[in-house]
Amino acid sequence: MPKRTILLASPRSFCAGVERAIEVVEQLLAHRPGPVYVRKQIVHNTHVVADLERRGAVFVDELDGVPDGATVVFSAHGVAPAVRNEADRRGLDVVDATCPLVTKVHAEARRYAARGDTVVLIGHAGHEEVEGTLGEARDRTVLVETVEDVAALQVDDPERVSYLTQTTLAVDETSAVLDALRNKFRGLRGPESADICYATTNRQEALAAIADEADLVLVVGSANSSNSRRLVELARRRDTPAYLIDDAGGIRGEWLDGVRVVGLTAGASAPPRLVDEVVELLGQLGPVEVVERELTRETVHFTLPSAVRESR
Ligand code: 10E
Ligand code: SF4
């Protein structure tokens, strides 16, 4: 049997915001006496959530599932001010695991709305991060997903328009939407540097560097993970068949028929061990050569929230 090559995209898997959010829950489980509730999935990954659940974390969809006075963690995707206010009103002990790069987008939303602009948020409807950002200035913010949405957009004053984006969008698709916005609103204002974060950009660039060489791309990540789904789409746009898998068990035998080069990556919320398990499984199916293509070395690290640092 000829050797199969596994091209490992790098960077892949956990970003700094996800590492921080998981550590927040782990530290609270270790050091707080009572139960630790988490509003929504801490990050969009079934394995991460199941693992923390096994260790005692209680995941709830909304705050009404949290008893008065209990500790509740806000997920890495951020929350709207209404959720924060509700938690205050209920006297909940809130520990905020929102990624600092999402918090930055919330601050921009408040600043742009306060200066009287219509805020155009580029993002995916219904996503938790988008819900949170929209909530900062709901009556002044409009959501667009596509160039067509921009064409249909009507605003109060075309001279006073700012934009923001979700942090996990496809870089190339977003730049097309942004061009459309700039053409329509000549005075469009926005953040100094793009809201699509370093981790999203790096994972997309790393995959783009290997996708053309691969006969098949596997992305480890869960179905509701926006950044992971963008990676699958990126490979498919380059005409390489690509699939999103939660773990090695998701690989279907027929995907591998005639495949000599497998491109492998993982979304920002997918644990690195799941990638190792995919490599292991492919190795059990026949001889493999593993080649890692490192495009960028990430050194970003976020400090834990003070409430967690103090309880250690
Ligand atoms: O669905 P997303 O990609 O936004 O989330 P994720 O939990 O899969 O990955 C981490 C990304 C976050 C928290 C959004 N900035
Ligand atoms: Fe933060 Fe980016 Fe990771 Fe989201 S993907 S948690 S914004 S570093």
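**Why these labels? A chat about a predicted model**

Tutor: Leaving aside residues up to four places away in sequence, Asn202 touches Pro11, Thr296 and Glu298. Keep in mind that this is a predicted model.

Student: Okay, and what makes Asn202 and Glu298 a polar contact?

Tutor: Their side chains are joined at 2.9 Å, and the cut-off for a pair of N or O atoms is within 3.5 Å, so the label applies.

Student: Why is Asn202 called buried?

Tutor: Its relative accessibility is 11%. Buried means under 20%, so Asn202 qualifies. Asn202 sits in helix α8, residues 198-211.

Student: Ala209 is in helix α8 too. Why is Ala209 called partly exposed?

Tutor: Ala209 has a relative accessible area of 37%.

Student: Let's turn to the aromatics. How many aromatic pairs are there?

Tutor: The count comes to one aromatic pair. The rings belong to Tyr243 and Trp255, with centres 3.8 Å apart and planes at 0°.

Student: What makes that pair stacked?

Tutor: Two checks. Centres have to lie within 6.5 Å, and planes under 30 degrees apart count as stacked. With 3.8 Å and 0°, Tyr243 and Trp255 pass both, so the pair is stacked.

Student: Which parts of the chain does the pair link?

Tutor: Distant ones: Tyr243 is in strand β10 (residues 242-245), while Trp255 is in the loop between β10 and β11 (261-266), 12 residues apart.

Student: Are Tyr243 and Trp255 buried or partly exposed?

Tutor: One of each. Trp255 comes in at 13%, so it is buried, since the limit is under 20%. Tyr243 has 26% relative accessibility, so it counts as partly exposed.

Student: How do you know that Arg236 lies over the face of Tyr243?

Tutor: Arg236 is at 5.9 Å from the ring centre, and the distance cut-off is within 6 Å. The rule also has an angle condition, within 35 degrees of the ring normal; Arg236 is listed as lying over the face.

Student: Last one, ligand 1. Which residues come nearest?

Tutor: Of the 15 residues around ligand 1, the nearest are His44, Ser225, Ser226, Asn227 and Ser269.

Conventions:
Residues numbered from 1 in each chain as written. Chains lettered and ligands numbered in written order. Predicted model: local features only at pLDDT ≥ 70, side-chain atom pairs only at ≥ 80, totals over all residues. Heavy atoms only, no water. Phe/Tyr/Trp six-rings, centres within 6.5 Å; stacked < 30°, edge-to-face > 60°. Helix = DSSP H or I, 4+ residues; strand = E, 2+ residues; numbered from the N terminus. Buried < 20%, exposed > 50% of the residue type's maximum accessible area, 1.4 Å probe, protein only. Near = heavy atom within 4 Å. Polar contact = N/O pair within 3.5 Å; in protein donor to acceptor, adjacent residues only side chain to side chain. Contact = heavy atoms within 4.5 Å.
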